[in-house]
Amino acid sequence: EGKKSRLAVVRVGVGVLVKDPLHPSRVFCGIRKGSHGAGSLALPGGHLEMFETWEACAKREVLEECNLALQNVRFAHVTNDPMPSE
């Protein structure tokens with residue numbers, strides 16, 4: 001029962017490509033903590049909340065993780081990457 005209900009939960013992850021305004025060929029990234037890929041480099045991001053838009057999620061996550069207020073946010077790409085082990 002627990003495994004079946006767990007599979008019914010969909011978690012949408014959002015990664016945000018943030019260009020450095022002082023060096024436009026560079027992007028912001030950080031070291032992952034406490035989740036899959038811990039210790040590796042990753043873009044800022046997190047999980048989409050219920051009824052949240054892609055852009056609102058990107059702004060919220062970058063503000064939380066980098067203390068940066070984004071402007072000119074636009075959707076770029078989506079993938080479907082199931083993680084059965086989680």
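# Salt bridges, rings and cysteines

Reader: Glutamate 52: buried or exposed?
Author: Glutamate 52 counts as buried, because its relative accessibility is 18%. Buried means under 20% relative accessible area, exposed means over 50%, and partly exposed is in between, with a 1.4 Å probe and protein chains only.

Reader: What kind of model is this?
Author: It is a predicted model: local features need pLDDT of at least 70 and side-chain atom pairs count only at pLDDT 80 or more, while totals for chains, interfaces and linings use all residues. Residues are numbered from 1 along each chain as its sequence is written, and side-chain values use heavy atoms, with hydrogens and water left out.

Reader: What does glutamate 52 form a salt bridge with?
Author: Arginine 60. The closest N and O atoms of the two are 2.8 Å apart. A salt bridge here is a side-chain nitrogen of Lys or Arg within 4 Å of a carboxyl oxygen of Asp or Glu.

Reader: Arginine 60, buried or exposed?
Author: Arginine 60 counts as buried, since its relative accessibility is 19%.

Reader: How many salt bridges by this rule?
Author: The count is 4. One of them joins the side chains of glutamate 49 and arginine 60, at 3.6 Å from N to O. Glutamate 49 sits in the loop between β6 (45-47) and α2, and arginine 60 in helix α2, so this pair ties together parts 11 residues apart in sequence. Helices (H or I, at least four residues) and strands (E, at least two) are DSSP runs, numbered from the N terminus.

Reader: And how exposed is glutamate 49?
Author: Partly exposed, at 45% relative accessibility.

Reader: How far apart are the closest N and O atoms of glutamate 64 and arginine 60?
Author: They are 3.4 Å apart, and the two residues form a salt bridge. Both lie in helix α2, 4 residues apart, about one turn of the helix. Glutamate 64 counts as exposed because its relative accessibility is 53%.

Reader: Which residues are linked in the network?
Author: Glu49, Glu52, Arg60, Glu61 and Glu64, linked by salt bridges.

Reader: Switching to rings. How many aromatic pairs?
Author: The count is 1. Tryptophan 54 and phenylalanine 75 make a tilted pair, 5.5 Å centre to centre with 45° between the planes. The pair links distant parts of the chain, 21 residues apart: tryptophan 54 is in helix α2 (residues 54-66), and phenylalanine 75 is in the segment after α2. The rule: rings of Phe, Tyr and Trp (its six-membered ring) pair if their centres lie within 6.5 Å; planes under 30 degrees apart are stacked, over 60 edge-to-face, the rest tilted.

Reader: How exposed are those two?
Author: Tryptophan 54 is partly exposed at 35% relative accessibility. Phenylalanine 75 is partly exposed too, at 40%.

Reader: How many disulfides?
Author: A search of the whole structure finds 0. A disulfide would be a pair of cysteine sulfur atoms within 2.5 Å.

Reader: Last one. Which residues form the nonpolar patch on the surface?
Author: Leu17, Val27 and Leu43, with about 270 Å² of accessible area together. Areas use the Shrake-Rupley method with a 1.4 Å probe; for residues, only the protein chains shown count as cover. Patches take residues with over 30% relative accessible area and no salt bridge, joining like charges within 9 Å and nonpolar side chains (Val, Leu, Ile, Met, Phe, Trp, Tyr) within 5 Å.

Reader: Where is leucine 17?
Author: In the loop between β1 (13-15) and β2 (19-20). Leucine 17 counts as exposed, at 60% relative accessibility.
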